[in-house]
Amino acid sequence: MVDQFKKRMKKTMVWGLGTTLLVSCSGTAKQQSEEKSNPNVIIILADDIGYGDLSCNGEPTIHTPNVDRLAKSGVRFTDAHAVAATSTPSRYSLLTGQYAWRRNDTGIATGDAGMVIRPEQTTIADMFRQAGYATGAVGKWHLGLGDTQGSQDWNGFITPGPTDIGFDYSYIMAATGDRVPCVYVENQRVVNLDPNDPIAVSYKEPFPGEPLGKDHPEMLYVLKPSLNHGHDQAIVNGVSRIGYMKGGKQALWVDENIADSITRNAVKFIEEHHDRPFFLYFATNDIHVPRVPHPRFAGKSGMGPRGDAILEFDWSVGQIMTALEKQGIAENTLIILSSDNGPVVDDGYQDQAVELLGDHRPWGPFRGGKYSIFEAGTRVPFVVSWPAQVKQAVSDALVSQIDLFASLCKLIGQDIPAGSAPDSRDQLNTLLGKDRKGREYIVEQAGSLSVSNGEWKYIAPSNGAAYNRLTNTELGNHKEEQLYNLHKDIGEKENLALHHPEIVKQFQEILESERSR
Ligand code: NG6
Ligand code: CA
């Protein structure tokens, strides 16, 4: 109690100091109005939810009422993009404002990867912290922890970690639901760890005596991996995962409870900071594999665990909205809801997602999906709600998550330090629905790079595979140039590169100049 009180006092004092410095020469009235205009900011980032997976985007096969309600209280975007078609590079780009493809070590991270964002880099969370906001990261991390791969002290203080890149509070899953270690890490310590049962993690070799999914299918009572997808190593909770792990039995998560657990902590963060501006990065585990929704949602979508996990995600969104309403801060809270990449149906477990999909189209009208340079890889749901300032609208402006950094800095009046967030541009007016054009062009990444200006989309040649047989995804890689007219051919069916060499040239030049910046 006393500790909490001290903590609260310390935070209030720091915030008070920041505000005083900011407005010291302008008097009390202005001070109050500035405080009022500094909204709370929450980024809700879903995992693998496709454009068509939310009913607000028009698919009649799924019902996500809470997201619908959020969309009705703000701007729903129809041409918004993650930077990459998988998690780590997508999240890296969002949080740093730098395209992940500028580095060669930002691919899908293992569960024992070192911190991909280095402590000396400036993140969006650093900017909020600097502005006097309380900052928190809750949910899926997948950006590495510790210094280098395998060097973490899972039984002690794991450092560097979220606090070194701007987050005062963190309650995270180190990587993904299908990667070890299967534990929550709160403020850089494993939650509920019994010191007499230390954790060991390896992505190199199994631990002698620890059963593996590939040898013990009879132990996989919750979910079995799909054929040839891997996911057949350490067994936790009746599900085999990627990577090897032993110990930490008391700390292991229960898949059915992940959404409850991280949502509860996000709500707690909101409650504890209701009286000062806060920035919350809330990254759900839904609907990444293994999809094991709570029994409250099991069987409710009629599409099996994948559809049920979407309902669970929608519930989490509702919990956040209710918490804000209860605290009386919903009006002045800006929520950005999006997804880290496009949808995938079978991503490694026998959860009947393919068999039960029916008429549902997770990718909406777009081609490809997660892992793909075609539109469905990165064109994601995107909603901006801020009841105090934003009017309801649907916007077809071209938007990229790369711009959240600069736009939110603009919102909170922070100057970006030289050299930081080099690829992020201020698009605040677009995000708030005041400008309907958006970016001149976006650059997207999945194997190859593409450039789109909303009407035309150019995909650079690539020797990568054209098809992912495991997930049944058209990856979009091709040895030749590709050019699509998205206004006339949203499904990217007709390659017009040979018909429009001048447009191809123009886009090549854009990509060239982006690459050499
Ligand atoms: C892939 C995994 C997939 C998923 C993905 C990461 C295989 C065959 N597939 O390598 O199951 O974990 O990585 O997804 O191992 S992401 O959304 O976090 O990027
Ligand atoms: Ca993802």
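**A calcium site and a helix pair**

The six donor atoms around the calcium ion (ligand 2) subtend angles of 52 to 173 degrees, so their arrangement is irregular; six donors would count as octahedral if opposite donors were over 155 degrees apart and all others between 65 and 115. Donors are N, O and S atoms within 2.8 Å of the metal (3.2 Å for Na, K and Ca), and water is not among the atoms, so sites may look incomplete. This is a predicted model, in which local features need pLDDT of at least 70 and side-chain atom pairs count only at pLDDT 80 or more. Residues are numbered from 1 along each chain, and ligands are numbered from 1 in the order in which they are written.

**The calcium site**
- The protein donors, lying 2.2 to 2.7 Å from the calcium ion (ligand 2), are Asp-47 (OD), Asp-48 (OD), Asp-340 (OD), Asp-340 (OD) and Asn-341 (OD1).
- Asp-47 and Asn-341 are 294 residues apart and link distant parts of the chain.
- Both Asp-47 and Asn-341 are buried, meaning under 20% relative accessible area (1.4 Å probe, protein chains only).

**Helices H3 and H7**
- H3 (residues 65-72) packs on H7 (residues 305-327) at about 50 degrees, with the axes 7 Å apart.

**The buried side of H3**
- Asn-66, Val-67, Asp-68, Leu-70 and Ala-71 are buried in H3.
- These buried residues pack against strand S2 (74-77), H7, S13 and strand S14 (382-385).

Technical notes
Side-chain values use heavy atoms; hydrogens and water are left out. Axes are lines fitted to C-alpha atoms, for helices over the stretch in contact, and angles run from 0 to 180 degrees between N-to-C directions. Helices (H or I, at least four residues) and strands (E, at least two) are DSSP runs, numbered from the N terminus. Four donors count as tetrahedral if all angles lie between 85 and 135 degrees; four count as square planar and six as octahedral if opposite donors are over 155 degrees apart and all others between 65 and 115; anything else is irregular. Buried means under 20% relative accessible area, exposed over 50%, partly exposed in between (1.4 Å probe, protein chains only). Contact means heavy atoms within 4.5 Å.
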